[in-house]
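Subject: Structure handover

Dear colleague,

Please find the structure below. My notes on it follow.

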Amino acid sequence: MGKQIVSFFAFILFFIQINSQTNLDAGFLPKVVLSKKISEKTKWINSLESRTVLYDDAYQFSHSLVDISSIISLKTGLNQSFNFGYILRLRDTRTIHRTFQHFNLVNQLSTLKLGHRFAFEQFFESEKQTTFRMRYRISAEKALNGEKVDVKEFYLKFGNEYLYDFSDLEIRFTPYLGYQATKKDKIEFGFDYRLSNFIENATENNLWFRVTWYISLN
């Protein structure tokens, strides 16, 4: 298992190196997610996320933003659900409000869990025009031992996401290593690599080291 983990992150670092340009920003993205089942088909999910820039073109250390989110997730089928949520973003002196709607589809394919997410988002900010964005994400999750993830076992998770704001495109790659600590909490850590401004022909690169702690309150 140790060799699998090392090989996994070595491949990701190599991929990032050959794709990144000189305009690379890098930093740290810690996140805590709390979830609670309200009923058999309804779940309430809340999260707190911080973004700290450790490296940019000016070699400056800065605290970039804080996101506070709340989501109601409604299960509509065996492998389908809808999310309706709100995010409060505090960025420097700016306050940004975001609402969003997700459609989630998850399939269990033998030892691989495959997920799809289709999203539509709305951004509201004082003295600025409301903006909109569409997103699509595909993700795959696989246990490193056995057919499913059990307590005190590791798993790999990889995501690929496309974001379009009706003017430009952003692509994200998110390779994570996860650990199911108990039945009620797990932690994932890895990279969040973002390529943006393709259409405007001024490609930007952002590399974040992400740590996410998921806690179930049920």
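In which strand does Arg172 lie? Arg172 belongs to strand β9 (residues 169-180), where strands are DSSP runs of E with at least two residues, helices are runs of H or I with at least four, and both are numbered from the N terminus.

This is a predicted model, in which local features need pLDDT of at least 70 and side-chain atom pairs count only at pLDDT 80 or more, while totals for chains, interfaces and linings use all residues. Residues are numbered from 1 along each chain as its sequence is written, and side-chain values use heavy atoms, with hydrogens and water left out.

Overall fold. The chain contains 1 helix and 11 strands, in the order α-β-β-β-β-β-β-β-β-β-β-β along the sequence. Of its 218 residues, 39% are buried (under 20% relative accessible area, with exposed over 50% and partly exposed in between; 1.4 Å probe, protein chains only).

Strand pairing. β6 (residues 112-125) and β7 (residues 131-143) pair antiparallel over 12 bridges; a pair of strands requires at least two DSSP bridges. Phe118 has Tyr136 in β7 as its bridge partner. The β6-β7 hairpin has 5 residues between the strands, and Glu127 takes a positive phi near 65° there. β7 also runs antiparallel to β8 (residues 153-164), joined by 10 bridges, and Ala143 has Tyr155 in β8 as its bridge partner.

Arg172. This residue counts as buried because its relative accessibility is 11%. Its side chain makes a polar contact of 2.6 Å with that of Glu170 (a pair of N or O atoms within 3.5 Å; within protein, one must be able to donate a hydrogen and the other to accept it, and residues adjacent in sequence count only if both atoms are side-chain atoms). Leaving aside residues up to four places away in sequence, Arg172 touches several others, including Arg133, Glu161 and Asp192 (heavy atoms within 4.5 Å).

Aromatic rings. There are 8 aromatic pairs (Phe, Tyr or Trp rings, the six-membered one for Trp, with centres within 6.5 Å; planes under 30 degrees apart are stacked, over 60 edge-to-face, the rest tilted). Phe82 and Phe103 have ring centres 5.1 Å apart and planes at 45°, so the pair is tilted. Phe82 lies in β4 (residues 80-91) and Phe103 in β5 (residues 94-109), so this pair ties together parts 21 residues apart in sequence. Phe82, Phe103, Phe118 and Tyr136 form one aromatic cluster.

Regards
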